[in-house]
Amino acid sequence: MATWSWVKRWLTTTNHKDIGILYMVTSIYFFLVAGVLAMLFRTQLAFPDKEILVGSEFNQAVTIHGLLMLLWFMSPFEVGLANYLIPLQIGARDLAFPRLNALSYWLYLASGLVLIAGFFVPGGAADMGWTLYAPQNVLLTGDGTILAAVAIILITASVTVGTVNFVVTIAKMRAPGMTWSKIPMFTWGVLFSVLMMWLAFPPLAVGALALILDKMLGTTFLTSLEGGALLWDHLFWFFGHPEVYVLLLPALGAMADIVSVFARRQLYARRFVIIALFIATALSYLVWMHHMFITGTSLTVRKIFSVTTALISIPFELATLALIMTLYKGKVVYRAPLLYVIAGILFFIIGGSTGVFQAAIILDRAFRGTYWVVAHFHYIMVGAVLLGLLGALYFWWPKITGRLYNEKLAKIQLLLLGVGVTATYLPQFLLMDMPRRYYTYPEEWLGLNRISTLGAFILLAAFLLGLYILIDSLVRGKPAPPNPWKAWGLEWAVPSPPPRHNYDGQPVVREDGSIVFVPEHELERIGVENVMKSSGNPELAPKGVLPNGGAGVKHVYHEHWSMTPMLVGLSTLVMGLGLVAGKPVLLLGLAILAVAITKWAIDDYRERFHEDEPRFREDWPFSGTNKLRLGMWTFISSEVFLFGSLISVYLFIRSRSLAWPPGYEHHDPYIGLLNTIILFTGTLFYSLAYLYAKHGKMIKSAALMLGTIVTGGLFLGVKAFEWWELFAQGYGINSNLQFQLYFVLTGIHALHVIAGLIATIYMVAKILSGRRPSLTSILMLGIYWGIVEIVWTFLFPMFYLM
Amino acid sequence: MAEIVPPQEYWWMLFNYYLIAAVILAGGVTMLLVYFLLRYKTSNEDEYGEDYPGPGRLPTRYAKIGPTRYLLVVTGIIVLGLTVATFPYTEYVELTPQTPDMTIWVTGFTFGWRFQYPEELGGFTTVNEVVVPTNTMIEFKVTSQDVFHAFGIPEFKGAKVDAIPGIVNSLWIVTPDEPGEYDIFCYELCGVGHSLMVAKLKVVTPDEFQRFLEEKAGR
Amino acid sequence: MGERDALVYVGAWGALISTAILEVQLILLDIVQNLTAFLLSMAVIQSVIIAYAYQHLREEKSSTAIMPFTSFIMLLVLVSAAITSVLACTPYLG
């Protein structure tokens, strides 16, 4: 089986189902690594007087356990499920951008490997807790922390690309009749989840960048008193708290669908649940400072965050009540997935209500940093999210693999899990005085810790049993029918596993909720509107319709694949390792990146990559917008947040600095003004180029783009002159904070200018060689130039005038 | 002295209120869940509830939110009410109500705690052990000389603040009437010696405290 | 061909250049009271011009335009909360 073509298929695939499987398998690997680490430190905690895993090694284990479980297991597992299921659930043939989807995956894999590589470098892996608190993350750690920071930046890139993809897919790729009110709760959960990742990750990436710079180039963002601990706290927790809901919402969505199927009811108060989860998504950005209740912040600010934290429990309470009320007057069948979800709800109730305790500042003063917090979030993460996801896996497993599994064993596994979760985490509530991340502790806590460790081993047994169930199903499982659960939904109307192209014919959801698969020519003949109204009206009924996954005609599917996403991922892996391994490796990584980008450009130039565009779709209120433009704006918004975080770092440090001489003492404002004018002029040229292209005058358009290239080059030249002068005066990136910020911010901006120049040069070359780039692609580059310019309108006054 | 309520008394009071509310609410919801599960169980896979879409369909009808909304409002009021009701106590705990009897500076370092006594008591420092008299209101002003630590005395619930370089946070306790020994821990991972960053709070009789001061002054 | 579009582009360019020159002159004359607020609001004005004219936000549907708008609002929340918390804590520098 392991032939070259098999390997090649998985390395180059851009099919959403393949990538979904890759995501899930990879995330389970990271789960196993993180689980082994947990067993190691739980063993140490059962024998606090022995030295099984102490000091830095203990700290490395808890750190990597946390990071892997949250960022490299749970979230990617959900993304994997979403990858596989969302196109099926909404009636699309793939995600909106299949190649970017592959890129997301390869960046994710690279980032995880970079993180784990930390164990093999001098000083070991990151060892300051998954929160990587400053300034110890700079002062007291080895090279592993650099790798952790690189991994964080890479996974930020991965989820940003993924967010763009999922937002555009759900907005623009739904089958006709699949209105917002009809899409399944799992898809809703993923949508809310990616909307949180969208803005939560950029500040974290900025924090990670500051960490790398501090460790490698001698800046002092995280070690100085002006930045330091509080700066990291804000950047980290602005990400960290939404991240909790990022993990929770897809699981909660899947739980809602599963309860609905096995209770044989519709989800209770579905519309209110959706609204509630949307409110929770918005609120999740406004609670982060409850992680900083005792850092010494203004009491008024903390009171506000205390109230928002209490408020956010209400939407989740509604969701929980809705899940329970769905059972009311249902016909509940006790199948394995349902039982997992029920257990998940029970643990969620415990984990959720203990969370309310921590919303009160005075109570939180005692809980902060103790095992009470550990118990609370493990009840949510393991009890609710993991059990909910296992329920989801057992629910959709027959669909994905086409095999049934041993349900009796799955129920036994659930029993083990229930006992394991309770034994592991309930004692930790009672350990509410014990500090987190202590490998040795006073005698009085021994008994409870031993029960907890015993529970962890029960969990281990449960997960091993789970692996056995899955492997057994793959090897010996009976073939699964298309719909083993008598479930509603589009994905259950196609064979298990679904064909490469998902459907024969175009799925249409009629107004009464019934699903039909109509040949495209029939759909054209009758009209989409009429098909939607056709139930109970035989005159309008299309011909050749099959209710079950295949219209009369076979769909002609264009396979698409690409090697470049894997190459980009590989290059980031090599470059990341190169930061620690040395220059040759770093250069090798850059070379691979150059090859990958060139290959991507050639593929684009030769128009080699074809995506299946849906001819019929439901995309209110995004109809009339090109998917590329929606995607670009979603991406640009996260770029805004990236630069915004950098600017807020500047404002933060500045407002805590005692002395800050005005910028014009070091930087000539007239040179800065000159550069501002140059940049504005370049964008004017580009906009005029777009105008010419719009009217078909491509040569004039290319000429104006050349103007942009010249002005961009000029801008970089002036910038280089300024830098050179400063270096000559003895200033550098490790001078005082004012200069550190100057070099880092203008440096990142200059990198963005260079990237824009490369893209513009490619665009001109394409035009001059006789190809006509699409107007949308020209506009998209214009949007990019706009953001480069907007950033400069902030950087210029920040460094030259104030 | 006796009229000052020690912060941990309020802490325990509020904790118990929360616990009662949580047990009643969470317990009620759990019982509802279990009741529905048992009441509506069936083994007939083909029996559908009234609004089940069924295979090959999608949900279209939306159940109204019904009486659940009252439950939601009530619990919402309880949760928010509890949170806001804690604010006066938070202020009491955080804003020292009157001048403390003694202010001790605490500096966290890798890996230990340094205590500096006030000038009028000799201004000496001790490491990993702080001796204080019984029935006294003591303010700790906490900072760190290197990395992020967190100073906490678990026996005195709520007596915990972060020790951050460049920032001074304070907390206060009222020592009990009886002598005793209490653990002080570091609550933020600060490096290889984090687990060993344990100090002792020794509460002694006023006489013994006087002897302790003299012994320190004698050095 | 689109004279009106060309007018928008050139007009925006003129507005950007003149605001940039204006702010430099005002700063160097030292007659601005609240420096940070003044410069940040000038930058916001310039950004709006750029987004409107050069990024063609004016042509987008509101369902698309809400994306960058949301991002901007959230940014204000992050910045203001972080800065407030800084100004309110008890510093002990050195």
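Two strands are taken as paired if DSSP finds at least two bridges between them. In this predicted model, an open sheet of five strands in chain B has the order E4-E10-E9-E6-E7, and the pairing within it is mixed. The edges of the sheet are formed by strand E4 (129-133) and strand E7 of chain B, each of which pairs on one side only. On average, neighbouring strands of the sheet are turned by 20° against each other, direction ignored. Strand E6 (residues 149-152) of chain B runs antiparallel to E9(B), to which two bridges join it. Opposite B:Phe151 stands B:Cys186, a residue of E9(B). Helix H4 (residues 206-218) of chain B packs on the sheet, where E4 and strand E10 (199-204) of chain B are touched by the helix. The direction of H4(B) makes about 130° with that of E4(B).

Chain B is divided into domain 1 (7-41 + 61-94) and domain 2 (102-218). A distance of 37 Å separates the C-alpha centres of domain 1 and domain 2 of chain B. Contact between these domains involves five residues of domain 1 and five residues of domain 2. H1(B) contributes four residues to the side of domain 1 that touches domain 2, the largest share. By class, this side of domain 1 comprises four nonpolar residues, one polar residue and no charged residues.

Between the chains, 76 residues of chain B are in contact with 87 residues of chain A. On the side of chain B that touches chain A, at least two residues each are supplied by H1, helix H2 (68-85), helix H3 (87-94), strand E7 (160-163) and strand E9 (180-186) of chain B. The most is given by H1(B), with 13 residues. The side of chain B that touches chain A has 43 nonpolar, 19 polar and 14 charged residues.

Helix H1 (residues 7-39) of chain B also packs with helix H11 (residues 336-359) of chain A, at an angle of about 165° and with the axes 10 Å apart. Because angles over 145 degrees count as roughly antiparallel, H11(A) is roughly antiparallel to H1(B). The crossing of the two helices, H11(A) and H1(B), is right-handed. From H11(A), the residues in contact are A:Ile342, A:Ile345, A:Leu346, A:Ile349, A:Ile350, A:Ser353 and A:Phe357. These meet residues of H1(B), including B:Tyr18, B:Ala22, B:Leu25, B:Val29, B:Thr30 and B:Leu37. The contact of H11(A) with H1(B) has 13 nonpolar residues, two polar residues and no charged residues.

How values were computed:
Residues numbered from 1 in each chain as written. Chains lettered and ligands numbered in written order. Predicted model: local features only at pLDDT ≥ 70, side-chain atom pairs only at ≥ 80, totals over all residues. Axes fitted to C-alpha atoms, helices over the stretch in contact; angles between N-to-C directions. Parallel < 35°, antiparallel > 145°, perpendicular 65-115°, else oblique. Left-handed = near helix turned anticlockwise from the far one by under 90°. Contact = placed C-beta atoms within 7 Å. Nonpolar A, V, L, I, M, F, W, Y, C, P; charged D, E, K, R; others polar. Domains from an automatic or database assignment.
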